[in-house]
Amino acid sequence: VKPNIVLITVDALRADHMGIYGYHRETTPEMDEHARKGTVFDHAYSQGTGTVSSMPSMFSSKYTYQLLYDDERKPQTISQENELLAEILAANGYETAGVSSIRYTNKKRWGLLQGFETVDLDLTSPDPAYETTSPQTLAKAIGHLDRFGQKPFFLWVHFFDVHSSYVVHDESPSWGESKLDLYDGEIRYTDKYI
């Protein structure tokens, strides 16, 4: 039996701001609980300093310099010659879907969505850096889970609120007004939707 796969990614989330890695604030109680039930990697390294370089590496299992690109724009368009995770899973009987609020996930612009049968990009415009999107991201992800049939599925869900334009959320703890305090507040806010 093939397992169902849900890949949750959180843009700009630092490991040293998570409880499971010893952070002093309770920023990630939900993720910490999931981690206690699963496998925790103490040493994981990104292949780039930003989403534009790290996500293609994650989806291709290649270093950035090994990927083929079709242009030199920012972000570069990933060539169809690269084989990405969703393509491999789709070729092996998986239904594939994604929910993303990263504006770069536009199919024509970045090429990261190769192999996804359906992708919800409604939250990519306007720029999600200036909006709160975690509740909507969760709702769209649940919608995909509800529509999957008997085939095994791969669902990628990308949360973006931790990235920038931090705001205080009334329903989440607040640690103050500094950028670091607000960053931690966004982590806690996003964590509750995971």
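The model is predicted: local features need pLDDT of at least 70, side-chain atom pairs need 80 or more, and totals for chains, interfaces and linings use all residues. Numbering starts from 1 along each chain as its sequence is written, and side-chain values use heavy atoms, without hydrogens or water.

**Core.** Select Met 55, Phe 59, Trp 110, Leu 112, Phe 116, Phe 154 and Trp 156. They have the most contacts inside the largest nonpolar core, which has 15 residues. Such a core is a set of buried Ala, Val, Leu, Ile, Met, Phe, Trp, Tyr and Cys residues joined through side-chain atoms within 4.5 Å. Buried means under 20% relative accessible area with a 1.4 Å probe, protein chains only. Now color helix H2 (51–60), helix H3 (85–91) and strand S4 (153–159); each gives two or more residues to this core. Helices are DSSP runs of H or I, at least four residues; strands are E runs of at least two.

A second, separate core has 14 residues, including Phe 148 and Leu 155.

Go to Ile 8, Thr 9, Val 10, Leu 13 and Met 18. Of the 42 residues lining the largest pocket, these are closest to its centre. Lining residues have an atom within 4 Å of a pocket grid point (1 Å grid, 1.4 Å probe, open set with protein on both sides within 12 Å along at least five of seven lines).

**Thr 51.** Select Thr 51 in helix H2. Thr 51 is buried, at 17% relative accessible area. Its side chain makes a polar contact with the Asp 11 side chain at 2.8 Å. That term means N or O atoms within 3.5 Å, one able to donate a hydrogen and the other to accept it; sequence-adjacent residues count only if both are side-chain atoms.

Notes. Buried < 20%, exposed > 50% of the residue type's maximum accessible area, 1.4 Å probe, protein only.
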